[in-house]
Structures are given as structure tokens and as C-alpha cells.
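Student: Could you walk me through this structure, feature by feature? I would like to learn how to read each one.

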Amino acid sequence: MDTNQQIIRNYFAAFEGLDSNKLTDFIANDIVFTMPYSPEWFYKRLEGKEKVIEVLSNVINSAQSMRFKLDIRPLLNPNEFVVVFDGEVLFKNGTQYNNHYINLFTIIDGKISMMVEYFNPTIVEASFKPDSI
């Protein structure tokens with residue numbers, strides 16, 4: 001397994017370990033994180049390490065457990081990957097959230113510099129209310 005794939009695995013391991021502090025090891029300062037199918041009440045685009053860490057930490061800190069089944073697929077550019085995965089999250093308030101994702105990752109200088117996350121927005125809408133995560 002190459003180093004960039006390991007960075008992606010470590011990123012998801014931080015979620016599974018509910019360790020929001022560990023995320024800082026994998027996120028570039030100038031990261032751009034987009035979620036095109038995000039509900040209107042949630043973010044569609046986050047820019048910069050501080051904002052991305054803030055939002056992801058809120059999700060992690062609200063969770064009781066997180067599990068991901070990853071299929072990491074390298075692209076022709078060795079710094080770019082498609083990650084197809086299922087996420088199973090149990091939140092502290094008892095909400096069970098399971099979704100299927102397709103993410104695009106770009107790794108530059110050992111850090112995630114770009115993420116695009118595609119997921120089923122209907123499942124998000126059914127599982128959450130605005131300001132719940």
C-alpha cells in the first residue's frame with residue numbers, strides 16, 4: 001500500500017477512533033472540502049484547515065461510534081483517489097446514520113488538500129434536523 005492510501009486510511013481511522021485531534025495530522029492548511037448534495041441547512045463548501053477541522057470535530061464529538069468499509073481506488077495521478085465506502089454512525093442522541101459515499105481525495109505533500117464527498121441526501125434529511133450535527 002502506498003503512502004497516500006495510508007493517509008486516507010489513517011484519516012478514516014481518526015473518525016473510527018473518535019479522535020478529532022488526530023485529523024489535524026492529515027488535513028492541509030489550504031484544504032477545500034465540498035459536499036455538492038448536502039442539505040440546504042448544512043455546508044456545501046468548506047475552505048481552510050481550521051473550518052474543516054471545526055465541522056468534522058463537531059460530527060466526531062457528537063458520535064458514539066463510527067465504522068467505515070473502505071474501497072480505495074487510485075487514479076492515474078498518484079495523488080488522486082476515489083474512495084467508495086459505507087458509513088455506519090451511531091450518535092450519542094441515539095440516532096443511527098448509515099449512508100453510502102463516493103469521495104474524491106487529492107493528497108499533496110502528505111496532506112489531504114481536496115475532498116469532494118457525494119452521499120444520499122435523502123438519508124441525511126431523514127436522520128438529522130438543522131443544527132443537530
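Tutor: Gladly, and we can begin with the aromatic rings: Tyr 11, Phe 12, Phe 15, Phe 68, Phe 85, Tyr 101, Phe 105 and Phe 119 form one aromatic cluster. Keep in mind that this is a predicted model, where local features need pLDDT of at least 70, side-chain atom pairs count only at pLDDT 80 or more, and totals for chains, interfaces and linings use all residues. Residues are numbered from 1 along each chain as its sequence is written, and side-chain values use heavy atoms, with hydrogens and water left out.

Student: How many aromatic pairs does a search of the whole structure find?

Tutor: Rings of Phe, Tyr and Trp (its six-membered ring) pair if their centres lie within 6.5 Å; planes under 30 degrees apart count as stacked, over 60 as edge-to-face and the rest as tilted. The search finds 13 such pairs here. Take Phe 15 and Phe 68: their ring centres are 6.2 Å apart and their planes are at 80 degrees, so this pair is edge-to-face. It joins distant parts of the chain, since Phe 15 sits in helix α1 (residues 3-16) and Phe 68 in strand β3 (residues 63-74), 53 residues apart. Helices (H or I, at least four residues) and strands (E, at least two) are DSSP runs, numbered from the N terminus.

Student: Are Phe 15 and Phe 68 buried or exposed?

Tutor: Buried means under 20% relative accessible area, exposed over 50%, and partly exposed in between (1.4 Å probe, protein chains only). Phe 15 has 6% relative accessibility, so it counts as buried. Phe 68 is buried too, with a relative accessible area of 15%.

Student: Which residues have the most contacts inside the largest nonpolar core?

Tutor: In soluble globular proteins, nonpolar side chains tend to be buried together. A nonpolar core is a set of buried Ala, Val, Leu, Ile, Met, Phe, Trp, Tyr and Cys residues joined through side-chain atoms within 4.5 Å. The largest one here has 38 residues, and Tyr 11, Phe 105 and Ile 112 have the most contacts inside it. Two or more core residues come from each of α1, β1 (27-34), α2 (49-62), β3, β4 (80-91), β5 (96-108) and β6 (111-119). Contact means heavy atoms within 4.5 Å. Leaving out residues up to four places away in sequence, Ile 112 touches residues including Ile 7, Tyr 11, Ile 31 and Phe 105.

Student: In what order do the strands form the sheet?

Tutor: Two strands pair if DSSP finds at least two bridges between them. The 6 strands form an open sheet, ordered β2-β1-β6-β5-β4-β3, with mixed pairing. β2 (45-47) and β3 are the edge strands, each pairing on one side only. For the antiparallel sense, look at β4 and β5, which pair over 11 bridges; Gly 87 has Asn 99 in β5 as its bridge partner. For the parallel sense, β1 and β6 pair over 4 bridges, and Ile 27 has Ile 112 in β6 as its bridge partner.

Student: Which residues of α1 are buried, and what do they pack against?

Tutor: The buried residues in α1 are Asn 4, Gln 5, Ile 7, Ile 8, Tyr 11, Phe 12, Ala 14 and Phe 15. They pack against β1, α2, β3, β4, β5 and β6. Gln 5 is a polar case to examine: it is buried, with a relative accessible area of 15%. Beyond its neighbours within four places in sequence, Gln 5 is in contact with Ile 72, Pro 74 and Phe 81.
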